[in-house]
Amino acid sequence: MIVWLSGSVALLADTLHNLGHLATTVPLIIAFRLGRRAPSRRYSYGFRRAEDLVGLLIGAVIALSAGLIIWESVRALTAQRDMTHLGWVLTAAVVGAVGNEIVARYRIQAGRRIGSAALIAEGQHARTDALTSLAVILGVLGAWVGLPWVDPIIGLVIAAVVVAVLVGSMRTVLRRLMDGVEAGTLDLIESTAAAVPGVISVEQVRARWSGHHLEAELTLAVQASLNIEAGHRLALAVEGSLRGHVPHLHQATILLSPAQAGP
């Protein structure tokens with residue numbers, strides 16, 4: 001309503017960015033609920049990857065909002081508009097900044113706690129909303145001192161911030177869709193498993209994210225004389241150690257292999 005009354009392109013950009021949350025929060029909730037469903041015969045690994053797919057949807061919405069912001073900002077620069085109701089624009093900017101920062105902190109903290117890249121992306125999206133709301137104030141000040149072109153320039157700055165957030169968020173989402181993990185994750189898994197008494201060496205280790213859960217597969221070299229019961233206890237000990245040291249680890253599949261005899 002205030003955008004319509006005032007003609008502020010910067011506030012329009014801020015509003016479009018906020019509306020993006022409406023288009024992504026509901027699918028994210030659905031993905032979280034879908035990820036809690038039990039695995040089926042068709043989807044034997046479960047449905048947690050739906051969360052990463054929603055991350056792609058979030059990226060598409062962010063990209064769309066950036067395109068609309070750039071379009072409206074360029075239009076405003078080529079056909080100058082007079083801003084009105086500046087007090088209302090200023091109030092909307094302040095309220096938007098405070099509200100979005102509160103939401104951003106909650107989402108980012110929750111996303112880091114559970115290891116959800118999609119939820120962290122949503123939190124970063126909300127944080128840029130807070131920053132762009134503050135930027136709208138510069139457009140208001142420009143209009144007050146007789147510089148109406150400041151408002152569409154702020155709109156372009158907001159678009160640049162949105163694109164920067166898009167690149168950072170999608171890098172993480174795409175890495176997880178490609179079964180990539182953060183630097184140092186495999187090193188931590190290897191060192192933790194190797195430190196368990198009875199493990200001679202770690203021959204192979206793999207890890208991937210499934211939604212906000214980390215899954216690992218390890219092949220451990222152990223004494224050839226180890227019987228099945230002792231091997232089972234060792235595997236449980238390794239898994240327990242991994243759960244205590246590797247953040248967000250959901251499960252570890254451990255294969256024991258007899259160590260090769262020396263020459």
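This is a predicted model: local features need pLDDT of at least 70, side-chain atom pairs count only at pLDDT 80 or more; totals for chains, interfaces and linings use all residues.

Visitor: What order do the strands of the open sheet have?
Guide: The open sheet has 3 strands in the order E1-E2-E3, and their pairing is mixed. Strand E1 (201-210) and strand E3 (249-258) stand at the edges with a single partner strand each, so one side of each is left without a neighbour in the sheet.

Visitor: And how many degrees are neighbouring strands turned against each other?
Guide: On average, neighbouring strands of this sheet are turned by 15 degrees against each other, if direction is ignored.

Visitor: How many bridges join E2 to E3, and do they run parallel or antiparallel?
Guide: Strand E2 (residues 213-222) is joined to E3 by 9 bridges, and the two run parallel. One of the pairs links Thr219 with Leu255, its bridge partner in E3.

Visitor: Switching to the helices, at what angle do H7 and H8 pack?
Guide: Helix H7 (residues 185-194) and helix H8 (residues 228-245) pack at about 135 degrees, their axes being 9 Å apart. The two are therefore oblique to each other, and H7 passes H8 in a right-handed crossing.

Visitor: Which residues meet there?
Guide: From H7, Leu188, Ile189, Thr192 and Ala193 meet Val238, Ser241, Leu242 and His245 of H8. Of the residues in this contact, 5 are nonpolar, 3 are polar and none is charged.

Note on methods: Residues are numbered from 1 along each chain as its sequence is written. Side-chain values use heavy atoms; hydrogens and water are left out. Axes are lines fitted to C-alpha atoms, for helices over the stretch in contact, and angles run from 0 to 180 degrees between N-to-C directions. Helices (H or I, at least four residues) and strands (E, at least two) are DSSP runs, numbered from the N terminus. Angles under 35 degrees count as roughly parallel, over 145 as roughly antiparallel, 65 to 115 as roughly perpendicular and the rest as oblique. A crossing is left-handed if the near helix is turned anticlockwise from the far one by less than a right angle, and right-handed if clockwise. Contact means heavy atoms within 4.5 Å. Ala, Val, Leu, Ile, Met, Phe, Trp, Tyr, Cys and Pro count as nonpolar, Asp, Glu, Lys and Arg as charged, and the others, Gly among them, as polar. Two strands pair if DSSP finds at least two bridges between them.
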